[in-house]
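Subject: Model handover

Hi,

Here is the model I promised to pass on.

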Amino acid sequence: MILPSIKGTLFLVTSIVSHLAALPTNVINKCPQPSELNPVPPFFIYGHPEDCQQFFLCVFGTPYLMSCPATTSFSELLGVCVDRYSPQDICAQENAVRECSRGASLLAHPQLCHRFYNCSLVVETSSILGRYQDECPYPQYFDTLEKVCKPYSEVSCLDRLEVKDKCEYSKAYECTDVEHCEDCQAVFPSCQGLTDGIYKLLSFHMDLSRDF
Ligand SMILES: *[C@@H]1O[C@H](CO)[C@@H](O)[C@H](O)[C@H]1NC(C)=O
């Protein structure tokens with residue numbers, strides 16, 4: 001993920017220049033404080049406890065509120081703004097954790113229509129996808145109102161991404177015999193771009209070049 005990092009760094013530089021006049025807010029000050037020994041504290045930024053898009057920039061021991069660009073989140077780990085809901089977006093995952101601790105039971109994934117958060121999942125079993133995260137069985141999507149997985153044709157995903165291939169579901173292809181596992185695409189080829197019907201698995205690529 002080099003691109004978001006560069007994007008984030010560039011943004012950070014420009015926003016430092018344009019936001020230095022922002023007033024300090026009364027959140028917990030985690031900034032390293034200047035001292036006689038160390039009058040210029042090291043560079044330090046940290047995330048906003050309630051808002052993934054915001055973060056604080058320390059200037060001589062005082063935090064200044066900053067904001068990542070729309071559709072990005074601040075990554076405390078990387079110190080840059082990363083694409084929201086990407087695997088690097090730890091903040092969004094922690095948000096689900098926060099909502100679960102507030103008593104939520106099932107939450108839709110904000111970006112992926114086939115994913116959801118199940119607050120009843122124990123940490124160990126949900127770790128493949130991220131804490132509390134689970135996936136509907138292929139080819140189902142998660143219905144935000146009824147909070148259940150339903151056949152894709154009955155779910156309105158709105159802004160959430162609708163993945164269509166079986167191999168785009170993380171848990172759809174489980175191969176335990178590691179030495180003999182085939183690539184998922186070879187076992188479940190994509191039907192995208194093809195008309196309805198049955199296609200031979202081996203001649204799949206030849207079928208693609210066929211005239212329809
Ligand atoms: C959520 O997790 C619990 C505990 O593992 C399970 O019993 C329940 O069926 C799950 N709900 C959904 C919608 O997957």
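This is a predicted model: local features need pLDDT of at least 70, side-chain atom pairs count only at pLDDT 80 or more; totals for chains, interfaces and linings use all residues.

Below is what I found in it, going from the whole chain down to single residues.

First, the ground rules. Numbering starts from 1 along each chain as its sequence is written.

The overall picture: the chain has five helices and 10 strands. These are DSSP runs numbered from the N terminus, with helices being H or I of at least four residues and strands E of at least two. Of its 212 residues, 21% count as buried (20 or more other C-beta atoms within 10 Å of a residue's own; 12 or fewer is exposed, in between is partly exposed, and C-beta atoms are placed from the backbone). As for contacts between residues at least 6 apart in sequence, 38% join residues at least 24 apart (a contact being two C-beta atoms, placed from the backbone, within 7 Å).

Now the sheets. One is open, with three strands in the order β1-β2-β3 and antiparallel pairing (strands pair if DSSP finds at least two bridges between them). Its edges are β1 (45-47) and β3 (62-67); each has a single partner strand, so one side of each is left without a neighbour in the sheet. The twist averages 30° from one strand to the next (axes are lines fitted to C-alpha atoms, for helices over the stretch in contact, and angles run from 0 to 180 degrees between N-to-C directions). Three bridges join β1 to β2 (residues 54-59), and Y46 has F56 in β2 as its bridge partner.

There is also an open sheet in the order β6-β7-β8, again three strands with antiparallel pairing. Here β6 and β8 (133-135) are the edge strands, and since each has a single partner strand, one side of each lacks a neighbour in the sheet. Neighbouring strands are turned by 35° against each other on average, direction ignored. Three bridges hold β6 and β7 together, and A108 sits opposite F116 in β7.

Then there is the hairpin of β9 and β10. Strands β9 (residues 140-143) and β10 (residues 148-151) run antiparallel and share four bridges, with F142 partnered by C149 in β10. Four residues lie between the strands, and K147 takes a positive phi near 55°.

On to helix α2 (residues 90-101). Its 12 residues reach 17 Å from first C-alpha to last, close to the 16 Å expected at 1.5 Å a residue (the expected span is 1.5 Å times one less than the number of residues). What does α2 bury, and where does that pack? The buried residues are I90, C91 and A96, and they pack against β1, β4 (72-75), β6 (106-108) and β7 (115-118). Just after the helix, G103 takes a positive phi of about 110°.

Another spot to look at is V80, in strand β5 (residues 80-83). V80 counts as buried because it has 23 C-beta neighbours inside 10 Å. V80 and C68 are 12 residues apart in sequence and 8.5 Å apart in space, C-alpha to C-alpha.

Last, the ligand. Around it are L106, N118, S120, L121 and D134 (C-beta atom, placed from the backbone, within 6 Å). By class that shell has two nonpolar, two polar and one charged residues; Ala, Val, Leu, Ile, Met, Phe, Trp, Tyr, Cys and Pro count as nonpolar, Asp, Glu, Lys and Arg as charged, and the others, Gly among them, as polar.

Cheers
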